[in-house]
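Welcome! Please look over the sequence and the 3D model shown here, and then let us walk through them together.

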Amino acid sequence: MPLPIRISHDSAEPLYHQIASQMRSLIFSGQLPAGMLLPSIRELAVETECSVITIRRVYQELESEGLVRTKQGTGTFVSEVEANRKGQYQYEAVRDALKQALERIKMSGLGEREVRDVFEQALRDVFAPDAEEGTR
């Protein structure tokens, strides 16, 4: 099964970083469960249209973080990740995404009050889309 990884060859972000970042997210979210056999370096290189060297660097980086382990002659597997580490990663990922979005919004010229109103509306749209206006 191919991994749901999308890369941009036009991005300024290095390919290994794009792939490692997405694999990290997939592992922390549980989409790549502990014990799962990952594609070989060559298979993932073909899937992502990257070099073997790039994918080897991705696996080495994830292995140094304890997120994957390689068994010689068997393959590379997703490691068990502690629940508190997953929670911390998810918290930081959401905080970083919101900070990036807020920086872009700030550049649009909206004031803090307007941004809060837009943010609260967006929260309602996502978490209570069926709620009637008066019951929110």
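Gln-121 is found in helix α5, which covers residues 112-127; helices (H or I, at least four residues) and strands (E, at least two) are DSSP runs, numbered from the N terminus. With a relative accessibility of 28%, Gln-121 counts as partly exposed. Here buried means under 20% relative accessible area, exposed over 50%, and partly exposed in between (1.4 Å probe, protein chains only). From C-alpha to C-alpha, Gln-121 and Met-36 are 39 Å apart in space and 85 residues apart in sequence.

This is a predicted model, in which local features need pLDDT of at least 70 and side-chain atom pairs count only at pLDDT 80 or more, while totals for chains, interfaces and linings use all residues. Residues are numbered from 1 along each chain as its sequence is written, and side-chain values use heavy atoms, with hydrogens and water left out.

**The nonpolar core**

In soluble globular proteins, nonpolar side chains tend to be buried together. A nonpolar core is a set of buried Ala, Val, Leu, Ile, Met, Phe, Trp, Tyr and Cys residues joined through side-chain atoms within 4.5 Å. The largest one here has 23 residues, and Met-23, Leu-32 and Val-58 touch the most other members. At least two residues of this core come from each of α1 (15-29), α2 (41-48) and α3 (52-64). Helix α1 gives the largest share, 7 residues. Not counting residues up to four places away in sequence, Leu-32 touches Leu-3, Met-23, Leu-26, Ile-27, Leu-38 and Val-78, where contact means heavy atoms within 4.5 Å.

Axes are lines fitted to C-alpha atoms, for helices over the stretch in contact, and angles run from 0 to 180 degrees between N-to-C directions.

| Helix pair | Angle | Axis separation |
|---|---|---|
| α1 and α4 (residues 83-108) | about 130° | 9 Å |
| α1 and α3 | about 45° | 9 Å |

The angle makes α1 oblique to α4, and α1 and α3 are likewise oblique to each other. Angles under 35 degrees count as roughly parallel, over 145 as roughly antiparallel, 65 to 115 as roughly perpendicular and the rest as oblique. On the α4 side, Arg-85, Lys-86, Tyr-89 and Gln-90 make the contact with α1 residues that include Ser-21, Arg-24 and Phe-28. Among the α1 residues that meet α3 are Leu-15, Ile-19 and Met-23, and their partners in α3 include Ile-55, Val-58 and Leu-62.

A polar atom of its side chain lies 2.7 Å from the backbone nitrogen of Ser-8. Leaving aside neighbours within four places in sequence, Gln-18 is in contact with Arg-6, Ile-7, Ser-8, Ser-11 and Glu-13.

Thr-76 sits in strand β2 (residues 75-78) and is also buried, with a relative accessible area of 8%. Its side chain makes a polar contact with the side chain of Thr-70 at 3.1 Å. A polar contact is a pair of N or O atoms within 3.5 Å; within protein, one must be able to donate a hydrogen and the other to accept it, and residues adjacent in sequence count only if both atoms are side-chain atoms. Thr-76 also touches Met-36, Leu-37 and Tyr-59, among others.

**An exposed arginine**

Arg-42 lies in helix α2 and is exposed, with a relative accessible area of 60%.
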